[in-house]
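Open your viewer and switch to the cartoon view. This tour tells you what to select, one stop at a time.

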Amino acid sequence: SSKMSAKEEVPSLEVEDNDLGLDGKGGRSLAKAWKPDSWTKKPIKQSPDYDNQAQVELALAKLRRLPPIVTPFEIEKLKASLRDCAEGKAFLLQGGDCAELFDYCEPEAIESKIKLLLQMSLVLISGLNKPVVRIARMAGQYAKPRSSPNETINGKQVPSFRGDILNGYPVNERALDPSRLVSAYFHSAATLNYVRASISSGIADLHRPLDWGLGHVRDPELQTKYSQIVSSITESLNFMRTVGADTAGQLQTVDLYTSHEGLLLQYEQALTRTLKLSAAPANALPPTDAFQADKDLNYDTSAHFLWIGDRTRQIDGAHVEFFRGLANPIGIKIGPTTETSDVLTLLRRLNPRKEVGKVTLITRFGADKVTSLLAPHIKEVQNSEYKGKVVWQCDPMHGNTRSTATGIKTRQFEDILSELRQTLAIHRELNSYLGGVHLEMTGDAVTECTGGSEGLDDDDLSLNYTSYCDPRLNEKQSLELAFLIAGFYKK
Ligand code: PEP
Ligand code: MN
């Protein structure tokens with residue numbers, strides 16, 4: 001569908017780049033040239049069937065002209081931090097909405113997410129005694145895979161909501177609308193602009209006291225435990241201030257990266273640019289890989305980090321084909337239906353140069369399955385050339401969705417915590433490192449997941465259920481989860 005003009009032709013990932021070939025065994029002949037549009041020749045899942053292709057082409061042409069949303073320098077900086085997460089030297093905290101709406105592009109919602117990620121990261125730093133890398137599911141998380149193309153609302157069949165980049169939630173806006181592609185770009189850019197502006201204006205300035213609001217924790221023992229963690233964080237920060245340890249201004253600012261599921265490949269292709277990292281400013285940190293610095297690489301500039309969802313990770317499918325050409329750090333969701341051997345095939349195809357931290361394996365098995373299913377995947381990687389090179393991240397959300405008696409989609413805090421606890425135990429037993437967590441959460445006081453210290457139960461869900469897709473942890477549940485994860489690491 002996407003025909004390319006001569007001007008848009010970009011150098012392909014040359015076969016010579018892959019010392020071992022894409023089959024990992026020196027099979028050069030098998031390594032087909034990658035192009036930004038080579039995915040269009042492959043079978044694709046979850047792809048939109050627009051009925052006005054001319055309008056789609058106009059929108060994509062517009063996107064191709066617009067500036068990158070993020071830069072190669074930032075992307076490489078994140079990749080360097082993820083290398084630390086692979087090697088056990090840092091921990092990755094990734095979180096945000098399941099489906100981000102264009103309407104969430106407003107100051108309060110953005111600020112509350114930044115603050116929550118910051119607070120959670122402080123709790124994790126204090127518990128793990130390691131730096132925390134923060135990635136928001138934000139500024140572009142607009143495309144959703146759906147299990148069914150249609151759904152029934154008030155007895156009427158309507159197309160499913162597929163995320164704001166494709167169609168609207170109101171029933172009369174369910175037709176696919178190509179102008180939303182451009183709208184997604186501008187909402188991403190406006191959101192990220194406000195994230196950057198807030199951070200550079202001190203929203204994450206640790207010289208200012210943070211509001212930890214632990215009032216909801218009814219259990220006195222927990223209340224004491226959490227308060228102790230908060231006091232110890234506050235004391236450390238005071239100490240650093242007093243001794244003037246903030247010479248580099250590290251307390252004033254933090255890095256916050258953006259991410260989304262790379263589902264809508266037309267959009268991702270339009271924002272993929274062939275750029276050199278060496279064009280980065282002179283103050284750039286040493287490039288992750290000197291060999292790469294002067295080369296033209298293909299960066300998807302829609303976000304720093306993109307992941308392939310559980311429904312679109314077919315080895316010979318379009319999404320894997322598109323992702324294998326990107327220089328960005330990427331994630332792959334791994335679930336109960338992932339064959340053990342597929343993990344290695346995916347790694348070989350997506351990371352033939354075996355860059356450390358390039359690929360994050362996001363495991364989401366569910367609390368009842370993780371103990372039997374995770375270990376074989378870890379062992380498969382440990383017994384391969386990718387040992388120590390991937391980031392293992394636990395997504396304790398997507399394997400733990402259930403329906404209440406009245407048909408509300410929810411998740412139990414206990415199940416989420418249980419999958420995390422089991423995942424950590426399995427990694428420890430196998431001498432592997434759990435390098436991060438991936439959460440669906442919001443800074444708002446929603447009632448979408450049950451449990452936690454507030455003691456929400458099924459009957460409370462209707463109070464403030466506002467998710468347009470999966471149930472998210474609210475602010476209190478998210479912070480509490482951070483306290484509990486930190487506790488897993490205390491001797
Ligand atoms: C998601 O992260 O919102 C999602 C759809 O997850 P998965 O691909 O793991 O089902
Ligand atoms: Mn989700």
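How many bridges join β12 to strand β13? Select both strands and look: the answer is 3, and the two strands run antiparallel. Strand β13 covers residues 409-412. Helices (H or I, at least four residues) and strands (E, at least two) are DSSP runs, numbered from the N terminus.

Before moving on, note that this is a predicted model: local features need pLDDT of at least 70, side-chain atom pairs count only at pLDDT 80 or more, and totals for chains, interfaces and linings use all residues. Residues are numbered from 1 along each chain as its sequence is written, while chains are lettered from A and ligands numbered from 1 in the order in which they are written.

**Stop 1: the open sheet**

You now have an open sheet of 3 strands in the order β12-β13-β15, with mixed pairing. Two strands pair if DSSP finds at least two bridges between them. β12 (401-403) and β15 (449-450) are at the edges with a single partner strand each, so one side of each has no neighbour in the sheet. Now pick Ser-403: it stands opposite Lys-409 in β13.

**Stop 2: the barrel**

Select β1, β2, β5, β8, β9, β10, β11 and β14. These 8 strands form a closed barrel, in the order β1-β2-β5-β8-β9-β10-β11-β14, and the pairing is parallel. From one strand to the next, the twist averages 25 degrees. Zoom in on β11 (residues 391-394) and β14 (residues 434-440): they run parallel and 3 bridges join them. Cys-394 stands opposite Val-437 in β14.

**Stop 3: two helices**

Select helix α1 (residues 53-65) and helix α4 (residues 179-200). Their axes come within 7 Å and cross at roughly 25 degrees. Axes are lines fitted to C-alpha atoms, for helices over the stretch in contact, and angles run from 0 to 180 degrees between N-to-C directions. Why is α1 called roughly parallel to α4? The crossing angle makes it so, because angles under 35 degrees count as roughly parallel.

**Stop 4: the ligand**

Select ligand 1. Which residues surround it? They are Cys-98, Pro-145, Glu-261, Gly-309, Asp-310, Arg-311, Lys-333, Arg-364, His-398 and Asp-470. A residue is near a molecule if its C-beta atom, placed from the backbone, lies within 6 Å of it. Colour this shell by class: 2 nonpolar, 2 polar and 6 charged residues. Ala, Val, Leu, Ile, Met, Phe, Trp, Tyr, Cys and Pro count as nonpolar, Asp, Glu, Lys and Arg as charged, and the others, Gly among them, as polar.

Technical notes. Angles under 35 degrees count as roughly parallel, over 145 as roughly antiparallel, 65 to 115 as roughly perpendicular and the rest as oblique.
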